[in-house]
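Here is a friendly walk through one protein chain. Take a look at the model first, and then read on.

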Amino acid sequence: MDSDWVNVCVVSSEIEAQFIENILLDNNIPSNRVSNQVSMHIHLNSNSSIDIYVAKDNAFQAVQLIKSEEH
């Protein structure tokens, strides 16, 4: 991952990742996800996670948006 991108969120499912990415996209913040999935078999990935990255310039706003959606 380019050093201009920072991790702003870690989620445990594709659904959560898509939800966060939609929130960011609605606010004009591009994002990338990195899956830590260890197997193509879903049932073997119970402890896997997905990291959400945004550009450094958008990191503060992204974290604030994510936090506001958690409540």
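## How the chain packs

Among contacts (heavy atoms within 4.5 Å) in the chain between residues at least 6 apart in sequence, 62% join residues at least 24 apart. This is a predicted model, in which local features need pLDDT of at least 70 and side-chain atom pairs count only at pLDDT 80 or more, while totals for chains, interfaces and linings use all residues. Residues are numbered from 1 along each chain as its sequence is written, and side-chain values use heavy atoms, with hydrogens and water left out.

From the N terminus on, the order of elements is β-α-β-β-α, where helices (H or I, at least four residues) and strands (E, at least two) are DSSP runs numbered from the N terminus.

| Element | Residues |
|---|---|
| Helix H1 | 14-26 |
| Helix H2 | 59-70 |

That core is a set of buried Ala, Val, Leu, Ile, Met, Phe, Trp, Tyr and Cys residues joined through side-chain atoms within 4.5 Å; buried means under 20% relative accessible area with a 1.4 Å probe, protein chains only. Of its 15 residues, Val8, Cys9, Ile20, Leu24, Ile52 and Val54 touch the most other members. Leaving aside neighbours within four places in sequence, Leu24 is in contact with Ile29, Ser31, Ile52, Val54, Ala62 and Leu65.

How do the helices meet? Phe19, Ile20, Ile23 and Leu24 of H1 make the contact with Ala62, Leu65, Ile66 and Glu69 of H2.

Notes. Axes fitted to C-alpha atoms, helices over the stretch in contact; angles between N-to-C directions. Buried < 20%, exposed > 50% of the residue type's maximum accessible area, 1.4 Å probe, protein only.
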